[in-house]
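Let's take a friendly walk through this structure together. Have the sequence and the 3D view at hand as we go.

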Amino acid sequence: MKFLEEKIFKLIMIGAAVIIMAVLAYIIGTVFYKGLPSLTWEMITRIPGGGFYLGKEGGVLNATAGSVFIITGALVLSMLISIPLVMYINFYLPKRSFFSAIIRFSLDILFGVPSIVYGAFGFALMVYMGIRASLLGGIITVAMLIMPIMMRSLDEVTRLLPRDLPDALLSLGSTKLEMTKVLLRKLMPGIMTAVLLAVGRGIGDAATVLFTAGYTDNIPSSLGQPAATLPLSIFFQLGSPVEEVQNRAYASAVILTIIILIMSFSARYFSSKFLKNK
Amino acid sequence: MRKIRYVKDITARHLMLGIAIFVIVFLIIIGLSLFFKALPIMKEKNLWVLLTSSDWKPFKGDFGFLPYIISTFYVSVIAIVIALPLSLLTSIYLNSYASGSIRRFFEPVVDLLSGIPPVIYGVWGTLTIVPLISNKIAPHFVDFSTGYTVLAGGIVLGIMIIPLLISIMTEVFRSIPVEMTDASLSMGATKWQTAKKVILRKSFPGIIAATVLALSRAFGETMAVLMVCGNVAQIPHSFFEACYPLPALIANNYGEMLSMPSYESALMFAAFLLFIIVVMFNGLSRFTLNQIEKRYQFS
């Protein structure tokens, strides 16, 4: 009897796992199936021409470039905060200190704050500081979103470092700052993983940039100009009643998916590298 | 020479301390600024009226959030109902049945599912789930449905929270001492009996915490849900009616509300509400999960 139950439940469990894999394949498959036919070289390399939103010529380079600009800026900002913070928690504070527990806890909560709330807060902040929807606004808001993500994955790899490494460095008479510099080099693949994860998350998020970055058909040339983003471009094109424009939305979705796939797999590559030469 | 090194070290230490304090205060800053932005509408209207009225006429000054709150709740509950059994079964399978190679194969699957942007989920939802509901499922229950429904939102959202659930649950399962499951197995219990009677019982608080965490993620998800759930401000009476969750409300109306201070304040109130709920849920479940992790480290 119990072996029958065992068999039945094992089948159900395998079924559940297969369903999840099938759904993933279905999602990626659908996007590629719908998008690939409309994906042309022009889509990738041109900005929207006249009548683009009526199905005429042009591409989504404005959105791709805007997304890349925003994520680059946001990445720099969030690295400036998260790397020192992780080093501080792991190397400066005692191992089970109350303070580091509080920092980790508040980062856990920041991690769970929805992107739309960051968007609304970013917008309120910009109104307060007198910035209009612009590249700068997008950068600040996306930095808020990806900072907890980076910090968490950095923290995870830093905790994996052998404990005697810092001790060895300290015993040679280095200050903690010098020790941290050496260990940072050791952590490089881990930092790469964190960066790629954060980029993947930040580049795909629409709700944060919806009010903060604005939208434009041109490639922004300064921080004060509005910037288009790939997810928003997909969203707006999909809302169009013209079929060619909708097809372009699917093609843009393919571009975004390919970016995400590359990010995800290289993150995995770097993290396996880190685990290997640990 | 020696002195400069120490000055550098001390400066760096203080800078880092400053950053650490900033990060802790940041959460409070977000909460407070949303609160003050929402204050005008809370002064104008009774808080109870805001939360329980279903009149939404911004241009007449009626702001009732009930349809949005109920929509958010329905969509999230459907998502959990779909995602929880799937991820629970999969996590048990990965934990106590699957070989190392299957586990390694499954890791990128979970990674990718969590990495796919909400907009892509939305595109997929409009391409597949919406027509499926409108053509195949809904006709069995109601006369007509556009497909842009509570159910569509729930299904898409359910898939989006699966990776979060799986990654937390596998961690919770891992925190159960091997001796315990070994003891059960050596008494002649099958793997499923062990899973049912030992693993599930032992990790029950962790599973609850994971569910609450996933629920709060579901509350805040914006783009994907917005694209498939129809966005009609009404209290949905069945799964096959359109709905309008809170995040979608904020996202859709942000551009046009600037001219009206009370409208802006009302949307900020929505964001504040979302923030408070999510922070509470997150705080509770993270606390529980940390407790579990701690027990595992010391045992």
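How many residues of domain 1 of chain A are in contact with domain 2 of chain A? Seven residues of domain 1 of chain A make such contacts, and they meet seven residues of domain 2 of chain A. On the domain 1 side of that meeting place, four of the residues are nonpolar, two are polar and one is charged. Please keep in mind throughout that this is a predicted model.

Now step back to chain A as a whole. Chain A holds twelve helices and zero strands, so you can follow one helix after another along the sequence. Its C-alpha trace covers about 70 × 70 × 30 Å along the principal axes. Of the 278 residues in chain A, 47% count as buried. If you look at contacts in chain A between residues at least 6 apart in sequence, 75% of them link residues at least 24 apart.

Next, a word on confidence. The model has an ipTM of 0.89 and a pTM of 0.90. For chain B the mean pLDDT is 86, and 96% of the residues reach at least 70. Among the elements of chain B, helix α6 (residues 150-174) has the highest mean pLDDT, at 92, while strand β1 (residues 56-57) has the lowest, at 78.

How values were computed: Residues numbered from 1 in each chain as written. Chains lettered and ligands numbered in written order. Predicted model: local features only at pLDDT ≥ 70, side-chain atom pairs only at ≥ 80, totals over all residues. Contact = placed C-beta atoms within 7 Å. Nonpolar A, V, L, I, M, F, W, Y, C, P; charged D, E, K, R; others polar. pLDDT = per-residue confidence, 0-100. Helix = DSSP H or I, 4+ residues; strand = E, 2+ residues; numbered from the N terminus. Buried ≥ 20, exposed ≤ 12 C-beta atoms within 10 Å, placed from the backbone.
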